[in-house]
Amino acid sequence: MVCVALALMAHPTGANAQLRVDDALAYLDRGDSDRAVQILQPLASRGDVLAQYNLGVLALAGQGGIGTDQADHWLDKAAQAGYLPAKIALADLSLDRHDWVQAEHWYERAAQAGDVTAQFMSGLILDQGLAGEGDPDAARHWYEQAAQQGHAQAQFALATLLMEGGHPQQAAHWFEQAAGQGHVAAKFELARALAAGHGVAQDAAAARGWYLRAAHAGFAPAMYNLALMQARGRGGRGSYRLALAWALNAQNAGHDPAQDLIAALRDVMPPDAQADAGALAQTCIARQSEVCD
């Protein structure tokens, strides 16, 4: 659902127009949207982008007696004049309507203005071919723009594209950047890269640590891979009890391959150790124990 807010400033706008818009917003604060619209409409008709944008927002909200069909009209006026929030609002509206062509149009224009979320969304639409044929090169461009601004989802998406394109070192770099910001799937992918030495120096202990972080975040495949490493004593101490605990958690989280690992572990564990593992599974998933790795 698109969510836009009234704007207090725009570029450019005259001082008198700004004061009049401020008056309109003051009326809105007092609950008098009709009076606010009376002020904004003549300003918007004369080309003031701030008034145009705010009329569009009020129309979306169904305030001031403006029909919602007027939202696109006024937002488009402001967007065509270069007002970034209006471009983003139109892009989000188009996304809600599944109008991918218009969404791509406005996200790209907002992306060109430097908006990081729009850069990510432009990359996503091009990557998935939502508005037509996919374009991985163009998607990579926009993902890179957003990734360099610290957008975690863009960093992960860029890393995925790079890995698929045969650039494991660059991919590992961006997986690490996204993982450092808490992106759960990136933690898992970084762990996999470290475990295999794919794009980075092989480091089983570091891989195990990242699997644990992703497991604590509820990522079932990470729970399973962590259990495998614990069962084999890879990257740290071996422990069937811990392995069974995490395998049970993976199964409970819907990871079907864990069933075979659980059966194999139970074949070699005494009943009391199995019971301990069941209790430990609960404490590990709730982060109530320091001995879950």
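Just after helix α13, G233 adopts a positive phi of about 70 degrees. At 1.5 Å a residue, the 13 residues of α13 should span 18 Å, and the end C-alpha atoms are 19 Å apart, which agrees. Helix α13 is mostly covered, with ten of its 13 residues buried. These buried positions are A220, A222, M223, Y224, N225, L226, A227, L228, M229 and Q230. They pack against five helices, namely α11, α12, α14, α15 (258-268) and α16.

Helix α12, one of the packing partners of α13, comprises residues 204-216. Its 13 residues reach 18 Å from the first C-alpha to the last, close to the 18 Å expected at 1.5 Å a residue. At the start of α12, a side-chain oxygen of D203 comes to within 3.3 Å of the backbone nitrogen of A205. After the helix comes G218, whose phi is positive, near 90 degrees. The buried residues of α12 are A204, A207, R208, G209, W210, Y211, L212, A214 and A215. Their packing partners are α10 (168-180), α11 (184-196), α13 (220-232), α14 (240-252) and α16 (271-285). As a general point, an α-helix has 3.6 residues a turn, so residues three or four places apart point the same way.

The largest nonpolar core contains 96 residues, and those with the most contacts inside it are Y53 and W246. When neighbours within four places in sequence are left aside, W246 is in contact with L212, A215, H216, M223, L226, A227, Q230, C284, I285 and C292.

A search of the whole structure finds one disulfide. The torsion about the S-S bond of C284 and C292 is about -100 degrees, so the disulfide is left-handed. Both C284 and C292 are buried.

The other residue named with W246 in the core, Y53, is in contact with A86. A86 lies in helix α5 (residues 84-96) and has a relative accessibility of 0%, so A86 counts as buried. Apart from neighbours within four places in sequence, the contacts of A86 are Y53, L75, A78 and A79. A86 and W106 are 20 residues apart in sequence, and their C-alpha atoms are 9.1 Å apart in space.

A buried position is also found in a loop. I66 is located between α3 (49-61) and α4 (70-80), and its relative accessibility is 9%, so I66 counts as buried. Not counting residues up to four places away in sequence, I66 touches V37, L55, L58 and A59. One of these, L55, is eleven residues from I66 in sequence and 8.2 Å away in space, C-alpha to C-alpha.

With regard to confidence, the protein averages a pLDDT of 92, and 94% of the residues score at least 70. Over residues 8-12, however, the pLDDT is below 50, although this stretch has twelve contacts in the model beyond near neighbours in sequence. Where pLDDT is low, the predicted coordinates should not be read in detail.

Notes. Residues are numbered from 1 along each chain as its sequence is written. This is a predicted model: local features need pLDDT of at least 70, side-chain atom pairs count only at pLDDT 80 or more; totals for chains, interfaces and linings use all residues. Side-chain values use heavy atoms; hydrogens and water are left out. Helices (H or I, at least four residues) and strands (E, at least two) are DSSP runs, numbered from the N terminus. The expected span of a helix is 1.5 Å times one less than its number of residues. Buried means under 20% relative accessible area, exposed over 50%, partly exposed in between (1.4 Å probe, protein chains only). Contact means heavy atoms within 4.5 Å. A polar contact is a pair of N or O atoms within 3.5 Å; within protein, one must be able to donate a hydrogen and the other to accept it, and residues adjacent in sequence count only if both atoms are side-chain atoms. A nonpolar core is a set of buried Ala, Val, Leu, Ile, Met, Phe, Trp, Tyr and Cys residues joined through side-chain atoms within 4.5 Å. A disulfide is a pair of cysteine sulfur atoms within 2.5 Å. pLDDT is the predictor's confidence in each residue, from 0 to 100.
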